[in-house]
Amino acid sequence: MLSMSKTSFKIKQHQDPGTRGPKSPDMSDKRNESCHALKCIPGEYIREEAAHVRKSIPSQDGEATYIPGTLYCTNLRVAFLPDPSPNTEDCSCQTFMHSDYDVALPCIGRLLAVNSFTKAKVLTSTSTLKFIPEELIICCRDFRVLRFRFHDSGLEPQAFRVSMAIAQAHESSTRDGSYEDAALKNLGTGRLNQEEEVLEEEEEKKEDGSPTLLFQTLRDWEKELQRIGAAGWRVSPVNERFDMSTSLPQYLWVPSWFLDNELKRAFVHFNERRIPRLCWHHPAGSDLLRAASFHPDSDPEKEDMRSVETLMLAGHPQCVIVEVTADLPSPPEIQQSYSKLWNLSLCMADSFVSSSDEKWLSSLEGTRWLDHVRVCLKKASEVAVLLAERSRSVLLQESDDRDLNCLLASLVQVISDPHARTISGFQSLVQKEWVATGHPFLQRLNLLQKNDRDESPVFLLFLDCTWQLLQQFPGSFQFTEAYLVALHESSYVPFSSTFLFNCQWERGRRNQNRFLTQLYTPINGWREPLCLEILEKDGYPVKEATGASLPTIWDWSLRYSPRHMARFRNPCYRRSGNGGSNGGALNGNFLPQNIGKMENAPPGKRTLYLFSKGSLSLQAHFFPWKNGSLAKKGSRRSQGSEAPREQDRSRRCKTRSFLLHHDGLLLLPSYAGPSIRLWRRCYLRGSPETQVGLFAPSIVGLTEELDLLQERLNYWQARGS
């Protein structure tokens, strides 16, 4: 496993006096001699700071409590450092980007300066602030709301300077390349020694049964293929140089009898050259595939058609194409809904309106966010049933195969595969179906805030769907709500390689907007020399190492304390005895009963169905543009036979009665109105009534809340002693 060097990203006392502004170098050096000072990573420097600041912690009764400390603005983040108490932990153990106190500049959604004598003002880099703020409110894109109160007199010049410094740093953070520079400076730092890496992997195996697979090497793909028991498939290196498709991973799962020379004929017939390939093998024999839509301008020859048919059928007599975009919300719709939800949560945090208020609930319904969650779970459940009821290939098809296919393929596996419900399994799933497969994280999360037009939190919608499953089946997941909240927060932290790029190919190259974090040495020894030349030309030291320089998001210890990470594990988790969670192959002893089935095809006959809007229709052609009546219309619907219609009606009825089925392996959730709930702990973190101890719906939740309350009690006891 390509684990990242934790020493290469370890926080240290560091400042850049030349860019510090009005602060003198002597003063900076003197402060850095103290143990209780802000720890910076290489490339980070402090722009401004304000002492005697109090961080507000709201309570249900409306009376906030405060933690005194110092507020810092650096070129990378806003950080709050609490004042030391007699029992304060050693600062060498302080984690970088502590979620309670720090916020990365790209994570800032809105800045508000508040004064009791005038109206609150939204701050930007060009704002003219005509008053000294008494309070600074930071509304984060991850739904946190941080409130900092300055000196009671309201006459502290530091309050004005630090507020404007944050506004200016927020706007200039991406324009001046701060994150690129900070990342590249870590290329020259040392890695953990080999012994420490081996110990870490052994510890991870002991706890989870298997380490997190990053799917950056041939070995990772082979290991996962063996785990899912897909005997008729192999790992193809056909895209090892990214010359077939730059958005696909280097390695693909293809039928074992299919030669790479034949495989190459299929690429040109799909959008972005994203051909059908395996993403999961069902223990009952079905195969889940994913691909982009057919390219409307391609003109396949007879041999090309045979190659594409072979990929789609994958050795089965029947293939079901799932038209993903027909049922699920589009990325622009997801973004619009998420934006409405974010603004609604801020209104609630600002006005202290109850979440049970009818007007607020009506506004929540108007965001349509819960509707999007509902249709995603419904579609994933239907695909899971298609896979479970008989042996067939099920192909998820989306226009570019990079957004909704990622979401649906992941959800189907969480529902169907117990291994995907363990911590290492879930992390490997994200790596395989999102990171390696080319979900455009940089565009969709818009971490560097360069293009708002393409922003759409498809991945965060997937996390919400996973949370819904966790609420309905709490004992079936090794991880907790605290883990999902941490992952949601980490999505907006641009200090890891996981969410900073759009595909693996971009991770291997640095261009005008992106930077290198990966040096590939594939199995055949090929290495791309251009990346090294660019780095050496810019004066960055490059070592002949195969590890990445930025950590992945799964290096939790960089941001969270051991006590916090302990809350990621579910004490009520019921480990499946049928494999999956221990890394072994699954078995097929849970084939659902009483599910309506399509008729078996005659021997030697291959049939193609289209599954759209909950119904199946028989297709006359594998290639829609070969049908004269549908030439290049982009639609695959044909005049299906009348016979399947009655059958489809019966199947839908029986499927609805089966959706509550749960045997410990296949989790098919209820998606009726009251079953889909708002993720309050994530979306209402700025509201006092959602604080810890008030909404613990399960034993797992109570355990987490007790740990949090004990931690807070220890803090205040230490301050009072």
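1. The hairpin of β7 and β8. In this predicted model, β7 and β8 form a hairpin with 4 residues between them. Helices (H or I, at least four residues) and strands (E, at least two) are DSSP runs, numbered from the N terminus. The loop runs between β7 (135-140) and β8 (145-149), and phenylalanine 143 is found in it. Phenylalanine 143 has a positive phi of about 80° although it is not a glycine. Phenylalanine 143 is also buried, with a relative accessible area of 1%; buried means under 20% relative accessible area, exposed over 50%, and partly exposed in between (1.4 Å probe, protein chains only).

2. The partners of β7. Two strands pair if DSSP finds at least two bridges between them. β7 and β8 run antiparallel and are joined by 5 bridges, with isoleucine 138 opposite leucine 146 in β8. β7 also pairs with strand β5 (residues 108-115), in the antiparallel sense and over 6 bridges. In that pairing isoleucine 108 stands opposite cysteine 140 in β7.

3. The cover of β7. Counted by residue, 6 of the 6 residues of β7 are buried.

4. Another phenylalanine with positive phi. Phenylalanine 215 has a positive phi of about 55° and is not a glycine. Its place is the loop between α4 (194-208) and α5 (218-227). Phenylalanine 215 is buried, with a relative accessible area of 1%.

5. The sheet of 6 strands. An open sheet has the strand order β11-β12-β14-β13-β15-β16, with mixed pairing. Which strands stand at the edges? They are β11 (277-281) and β16 (615-619); each has a single partner strand, so one side of each is left without a neighbour in the sheet. The twist from one strand to the next averages 30°. Strand β15 (residues 607-612) pairs with β16 in the antiparallel sense over 5 bridges, and tyrosine 609 stands opposite leucine 618 in β16.

6. Helices on the sheet. Contact means heavy atoms within 4.5 Å. α10 packs on the sheet and touches β11, β12 (287-292), β13 (318-323), β14 (393-398) and β15. The direction of α10 makes about 180° with that of β13. Axes are lines fitted to C-alpha atoms, for helices over the stretch in contact, and angles run from 0 to 180 degrees between N-to-C directions. Helix α11 (residues 404-416) also packs on the sheet, touching β11, β12, β13 and β14. The direction of α11 makes about 145° with that of β14.

7. Glutamate 382. This residue lies in helix α10. Glutamate 382 counts as buried, at 10% relative accessibility. Leaving out residues up to four places away in sequence, glutamate 382 touches Phe611 and Gly614. Glutamate 382 and valine 412 are 30 residues apart in sequence, and their C-alpha atoms are 9.0 Å apart in space.

8. α10 against α14. Helix α10 (residues 369-389) and helix α14 (residues 458-472) pack at an angle of about 70°, with their axes 10 Å apart. The two helices are therefore roughly perpendicular to each other; angles under 35 degrees count as roughly parallel, over 145 as roughly antiparallel, 65 to 115 as roughly perpendicular and the rest as oblique. From α10 the contact takes in Trp369, His372, Val373, Cys376 and Leu377, and from α14 Leu460, Leu461, Asp464, Cys465, Gln468 and Leu469. By class, there are 8 nonpolar, 2 polar and 1 charged residues. Ala, Val, Leu, Ile, Met, Phe, Trp, Tyr, Cys and Pro count as nonpolar, Asp, Glu, Lys and Arg as charged, and the others, Gly among them, as polar.

9. The protein in total. The secondary structure comes to 21 helices and 16 strands. Of the 721 residues, 59% count as buried. Among contacts with a separation of 6 or more, 72% are between residues 24 or more positions apart.

10. Confidence. The mean pLDDT is 76, and 67% of the residues reach 70 or more; pLDDT is the predictor's confidence in each residue, from 0 to 100. Over residues 1-34 the pLDDT is below 50, and this stretch has 86 contacts in the model beyond near neighbours in sequence. pLDDT also stays under 50 over residues 183-200, which have 36 contacts beyond four places in sequence.

11. Conventions. Residues are numbered from 1 along each chain as its sequence is written, and side-chain values use heavy atoms, with hydrogens and water left out. As the model is predicted, local features need pLDDT of at least 70 and side-chain atom pairs count only at pLDDT 80 or more, while totals for chains, interfaces and linings use all residues.
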